[in-house]
Amino acid sequence: MNIQRDLKAIVPDETRMRSGEQYLDSICDGRNIFIHGKKYDSALRNPELNKTANLRAQIYDALKDPGRVKKGAIFDAEAGAWVSRLHTPPLRKEDWYDKLEILEDVFLDVRHLPSRVGDETIPAVWSMMDGLPFIRDRNPSFANNIERHMQNILWNDPYHVSGNADPKGNRSSNPEDREADLLLRVVKETDAGLIVRGAKYETGAAYANQAFVKPTVANWGGQELSPYAVGFLWNRFNDANVKIVCRDAYSRHDAADRPLSARADEVESMVIFDDALVPWEDVFFYNDTKLANFVRGSLHRYSMFMFMTRLYALGKLYAGVAFLNCDQNSGTKIPQVREKLAELISYKEMAHAFIVGAIETGSVSPAGYWMPNQPMMYSGRYLLCENLHKIIHITRELCGGQPPLTAGHETFFMEEVRDISRKYYSLSDGWDHERRHKLISLTNDLLNSEYSNYRLNFYMFAHSPPFAQKNAIFNSHDFASCSQLARVLADI
Ligand SMILES: Cc1cc2nc3c(=O)[nH]c(=O)nc-3n(C[C@H](O)[C@H](O)[C@H](O)COP(=O)(O)OP(=O)(O)OC[C@H]3O[C@@H](n4cnc5c(N)ncnc54)[C@H](O)[C@@H]3O)c2cc1C
């Protein structure tokens, strides 16, 4: 589907922001989607993918409605129309605070903490805008392609995801020495474009409009040219040569027992490109390992912020759930309980401090964007990911063993059980058995569900594994002031 053409036909002149309905229409395009042992031509035909696509649609609608998301839209004078503020690059410090506020509004509006809805994947394109002079120097048409797609993102409001991770194979060998298709590569050049073969893992591919596909390879074995060094914009998920093989969804539950998971699950897929054509105008780099390394090195420059806003929101949610669980039975009066709650508060405040600190001590980037302080963001991302499991465990300890032992709503509210539930679960007027069951359901979803484990995995890997995150900290850090202090005190 050509999003641009359709939007011109549908969207009124004064806005280029899509409605939820337009987005849902755009993904009914005849894909090869495999999930739960069945094949579908549209995510909307599978009940679980349908829930998530509808959550995404709800976000599209919410962003356009100032009653729901106050700062969701911004007028783009060049376009002469309103565009999504989540997609626009940050030109001033305030833009970052606006993005934070928008996300907080969105989370409340959709009653979920979606982590991959586009605002955190599009910034990889802003990073390339910073690198345009270098990219233009290596290949002017690639730089032009990046600029054109950047404008397409702003003006046509696609749902954009990210495809970096390949199945990879043996990590110790160079790409060329591995089993050929384990890393995505170019198998042929044609006048129309590149023919690519291989697979990528992508969150949201079954119901997204486009993906920025690129390699994660760090070691090119000193080569300058490689068919594996390819990055492109993929916007034809309905291509006959593409298959989308999804993991099982964790959302097959009743919302009364799993209020978060049942609402929507952002399903990952392995997207298989089986000799698919990438038109030249969608290629961002190719056959240039220097360029591939350059793009990869700055990939998370801005998207780290969005990643950390989710961790901040998670920190708030864990603290909130622990507090309510303790407060309902006066546990908050116990000093030892307060100490543990203090640890949760500290995590949340650490997230906030990193976000604000990185904004305030940021600088103007080569493209003129307000770039959050990079060493600070890298360190914050690592510390928040690294400590997430501790926060979950403290919350688990504070909430006690009752939530995982409690009957699901079907049993809890059965005719014969209802009085038992009322007797043993009512604590006070404010905390009757019905209200407590709702809190227990959310608690279990955050601590004891498949989805809670999955979320931990997401924050460990989705922005590259811990070793790569630590490597980024080292590479972005200037040791000058640290070593100067050590030298002066050592008198050397
Ligand atoms: C929930 C979830 C969602 C995801 N969504 C996306 C997405 O939308 N798009 C996308 O592109 N990817 C996505 N990913 C994939 C993610 O990018 C990869 O999992 C990540 O890059 C790590 O790659 P890998 O799994 O192949 O691990 P590997 O590279 O095999 O690393 C696994 C472990 O091996 C060890 N190791 C490997 N190499 C080294 C090394 N050089 N030095 C030290 N230790 C090493 C480390 O312990 C490392 O943690 C997602 C992953 C998850 C879990």
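**Rings, helices and backbone of a predicted model**

Val242 has a relative accessibility of 0%, so Val242 counts as buried (under 20% relative accessible area; over 50% is exposed, in between is partly exposed, with a 1.4 Å probe and protein chains only). This is a predicted model: local features need pLDDT of at least 70, side-chain atom pairs count only at pLDDT 80 or more, and totals for chains, interfaces and linings use all residues. Residues are numbered from 1 along each chain as its sequence is written, and side-chain values use heavy atoms, leaving out hydrogens and water.

Val242 sits in strand E10, residues 242–246. Strands (E, at least two residues) and helices (H or I, at least four) are DSSP runs, numbered from the N terminus. Arg197 is 45 residues away from Val242 in sequence. In space, their C-alpha atoms are 9.6 Å apart.

Helix H8, residues 289–297, contains Leu291. With 1% relative accessibility, Leu291 counts as buried. Ala229 and Leu291 are 62 residues apart in sequence, yet 8.1 Å apart from C-alpha to C-alpha.

Now the rings. The structure holds 24 aromatic pairs. Rings of Phe, Tyr and Trp (its six-membered ring) pair if their centres lie within 6.5 Å; planes under 30 degrees apart count as stacked, over 60 as edge-to-face and the rest as tilted. One of the pairs joins Tyr451 and Tyr454. Their centres are 5.5 Å apart and their planes 15° apart, so the pair is stacked. Both residues lie in helix H16, residues 450–461. They are three residues apart, about one turn of the helix. Tyr451 has 4% relative accessibility and counts as buried. Tyr454, at 11%, counts as buried too.

Phe474 and Phe479 give a tilted pair, with 5.8 Å centre to centre and 50° between the planes. Phe474 counts as exposed, because its relative accessibility is 54%. Phe479 is partly exposed, with a relative accessible area of 43%.

Ring pairs also build a cluster. Tyr250, Phe307, Tyr451, Tyr454, Phe458 and Tyr459 are linked in this way. Tyr454 has a charged neighbour as well: Arg247 lies over its face, 4.4 Å from the ring centre. A charge sits over a ring if NZ of Lys or CZ of Arg is within 6 Å of the ring centre and within 35 degrees of the ring normal. Arg435 lies over the face of Trp431, at 4.7 Å from the ring centre.

Next, helix packing. Two packed helices are described by the angle between their axes and the distance between the axes. The axes of H9 (residues 303–327) and H11 (residues 374–399) come within 10 Å and cross at roughly 20°. Axes are lines fitted to C-alpha atoms, for helices over the stretch in contact, and angles run from 0 to 180 degrees between N-to-C directions. H9 and H11 are therefore roughly parallel (under 35 degrees; over 145 is roughly antiparallel, 65 to 115 roughly perpendicular, the rest oblique). Their crossing is left-handed: the near helix is turned anticlockwise from the far one by less than a right angle, whereas clockwise would be right-handed. The contact residues of H9 with H11 divide into 19 nonpolar, four polar and one charged. Ala, Val, Leu, Ile, Met, Phe, Trp, Tyr, Cys and Pro count as nonpolar, Asp, Glu, Lys and Arg as charged, and the others, Gly among them, as polar.

Last, the backbone. Most residues other than glycine have a negative phi. Ser464 has a positive phi of about 80°. Ser464 is in the loop between H16 and helix H17 (466–476). Asp491 also has a positive phi, near 60°. Asp491 belongs to the segment after helix H18 (480–490). At 68% relative accessibility, Asp491 counts as exposed.
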